[in-house]
Amino acid sequence: MILAPMRYRNFIWPHNPRIYSIEFERHVALHKVPFGTSYLQDLGRSRRVMRGEGEFAGQDAYAQFGQLANTFYEEGPGTLIHPLWQTASAYFVELRLEQEPRPDYVRYSFAFWEADPAYSGRVQTLSPAPAGQESQNQTESRRPGRWHTVVSGDTLWGLSIRYGVSLQEIIGMNPQIKNPNLIFPGDEVRVN
């Protein structure tokens, strides 16, 4: 069977890497409850990590590796098209030269992390408010109720226990949260 070449952004592999692996991650939180039992909370799928190893051979092997390295230096996610994996928006997070390069042979390894579409657009750049205008944070401080800024490891269930409010009440007070199993550091959650 002949497979299409792997591609990322504008780089097309001259031949597919020889080893592929893909890791799937799911986060689960363990919560202790009275009388020695516990409750597992599914916090959702985290990311796919796509790894591989390959080599470039021939007179231009090191030049091909250099082109792949230049692709690595480009910022932000790109489209990863793999002959066997589902096409994904991914970050190129690792590129490793596995041996001293020779003019006609380079062995390398790589890793891509899938960009979660549910998280895209959530990164915001903060800029100072123009003179004479209130910043968004000053306006939000006047919102009714008590608000919690999410930190890594927080869950709605954990916040319900911490603030003495039922999970259903927290979900009801926060219509901006589309998936109660998926909150991110920096999110604002109303807790009463």
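**Figure 1. How much of the protein is tucked away, and how the chain is laid out.** Of the protein's 192 residues, 29% count as buried, where buried means under 20% relative accessible area, exposed means over 50%, and partly exposed is in between (1.4 Å probe, protein chains only). This is a predicted model, in which local features need pLDDT of at least 70 and side-chain atom pairs count only at pLDDT 80 or more, while totals for chains, interfaces and linings use all residues. Residues are numbered from 1 along each chain as its sequence is written, and side-chain values use heavy atoms, with hydrogens and water left out. Going along the sequence, the pattern reads β-β-β-β-α-β-β-β-α-β-α-α-β. The accessible surface comes to about 12,600 Å², with 52% of it belonging to carbon and sulfur atoms; areas come from the Shrake-Rupley method with a 1.4 Å probe, and for residues only the protein chains shown count as cover. Take the contacts (heavy atoms within 4.5 Å) between residues at least 6 apart in sequence: 63% of them join residues at least 24 apart.

**Figure 2. The seven-stranded sheet.** Here the strands line up as β2-β1-β5-β6-β7-β4-β3, in an open sheet with antiparallel pairing. The edge strands are β2 and β3, each of which pairs on one side only. Two strands pair if DSSP finds at least two bridges between them.

**Figure 3. Strand β7 and its two partners.** Strand β7 covers residues 105-114, and seven of its 10 residues are buried, so the rest of the structure largely encloses it. Strand β4 (residues 37-57) pairs with β7 in the antiparallel sense over nine bridges. Among the pairs here, Gly54 has Tyr108 of β7 as its bridge partner, and Glu53 stands opposite Ser109. Strand β6 (residues 88-97) also runs antiparallel to β7, and seven bridges join the two. Phe92 stands opposite Phe112 of β7.

**Figure 4. A close look at Ser109.** Ser109 sits in strand β7 and is buried, with a relative accessible area of 10%. Its side chain makes a polar contact with the side chain of Glu98 at 2.5 Å. A polar contact is a pair of N or O atoms within 3.5 Å; within protein, one must be able to donate a hydrogen and the other to accept it, and residues adjacent in sequence count only if both atoms are side-chain atoms. Setting aside neighbours within four places in sequence, Ser109 is in contact with Gly52, Glu53, Glu94, Leu95, Arg96 and Glu98.

**Figure 5. Arg18 and the residues it reaches.** Arg18 is in the loop between β2 and β3, and counts as partly exposed at 42% relative accessibility. What does Arg18 touch, not counting residues up to four places away in sequence? The list is Glu53, Gly54, Glu55 and Arg107. Arg18 and Gly54 are 36 residues apart in sequence, yet their C-alpha atoms are 5.1 Å apart in space. The side chain of Arg18 also makes a polar contact with that of Glu55 (2.8 Å). Arg18 and Glu53 meet through their side chains in a salt bridge (3.7 Å, N to O). That pair links distant parts of the chain, with Arg18 in its loop and Glu53 in strand β4, 35 residues apart.

Figure 6. The structure holds nine salt bridges, each being a side-chain nitrogen of Lys or Arg within 4 Å of a carboxyl oxygen of Asp or Glu. One of them joins Glu74 to Arg9, with the closest N and O atoms 3.0 Å apart. Glu74 lies in the loop between α1 (61-73) and β5 (78-81) and Arg9 in the loop between β1 and β2, so the pair ties together parts that are 65 residues apart in sequence. Phi of Arg9 is near 55°, a positive value in a residue other than glycine. Most residues other than glycine have a negative phi. Another salt bridge brings together the side chains of Arg26 and Asp42 (3.1 Å, N to O). Arg26 is in strand β3 and Asp42 in strand β4, so this pair ties together parts that are 16 residues apart in sequence.

Technical notes: Helices (H or I, at least four residues) and strands (E, at least two) are DSSP runs, numbered from the N terminus.
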